[in-house]
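Visitor: I would like to go through this structure feature by feature. Please start with the core.

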Amino acid sequence: MKILTFAGSLRTDSCNKKFAREALRLAKEAGAEGEFIDLKDYPMPVYDGDIETNSGIPETTVALGKKIAAADAIIISTPEYNGSIPGILKNALDWLSRDKPVTITGKHLLLLAASPGALGGIRALWHSRQPFEVLGVHVYPDMIALPNAYNMFDEQGKLKDEKTIQRLKTTLEQFIKHVG
Ligand SMILES: Cc1cc2nc3c(=O)[nH]c(=O)nc-3n(C[C@H](O)[C@H](O)[C@H](O)COP(=O)(O)O)c2cc1C
């Protein structure tokens, strides 16, 4: 099984990039293959129907759509912005939805979130489900919100807390079995 994973953040030191990378590392231990991609490598303008009419779909959207098409499943770790899905992730999804056929439709998705706050981005998880489900994505029922995320990773970006590692491992094993 090929898993594509990325974060809904562009920032170099993003705790969501670390969480997404850790999810991939543990998914590989559970028998999956896959890769992490950085949305910073797929810069897209803010969606504007005039850009679409005059220039078409951005090449970066098409390239991201191809990566998604080649994957059996997707894992996204998203930040929470003002209690909801961050604009960068929603914008990427809006552009992806304009490139027909929509490659993310029918894919399995595991949603994760990481935040320095006490709620771990749980509201972003619930808000993110909706646009993905509207596009026909099979969003896995279980989701993980990681609170206190600035203190959860070591210098190498590895998760430090054994309970969190076990929770992520179990969820990944169940997700992989479900997609299987
Ligand atoms: C515009 C903005 C809004 C934010 N709103 C929230 C929020 O509602 N809940 C929360 O837990 N953190 C919020 N934060 C803090 C983010 O969780 C924090 O910046 C986090 O590091 C972002 O994820 P990243 O490390 O992957 O970039 C917000 C940050 C920004 C920049």
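Guide: The largest nonpolar core has 49 residues, and A23, I75 and L112 have the most contacts inside it. Such a core is a set of buried Ala, Val, Leu, Ile, Met, Phe, Trp, Tyr and Cys residues joined through C-beta atoms within 7 Å. Buried means 20 or more other C-beta atoms within 10 Å of a residue's own, exposed 12 or fewer, and partly exposed in between, with C-beta atoms placed from the backbone. This is a predicted model: local features need pLDDT of at least 70, side-chain atom pairs count only at pLDDT 80 or more, and totals for chains, interfaces and linings use all residues. Residues are numbered from 1 along each chain as its sequence is written.

Visitor: Which residues is I75 in contact with, leaving aside neighbours within four places in sequence?

Guide: Contact requires C-beta atoms, placed from the backbone, within 7 Å. For I75 the partners are I3, T5, A20, A23, L24, L110 and L112.

Visitor: Is N82 buried or exposed? And how does N148 count?

Guide: N82 is exposed, as 9 other C-beta atoms lie within 10 Å. N148 counts as partly exposed, with 15 C-beta neighbours inside 10 Å.

Methods. Two residues are in contact if their C-beta atoms, placed from the backbone, lie within 7 Å.
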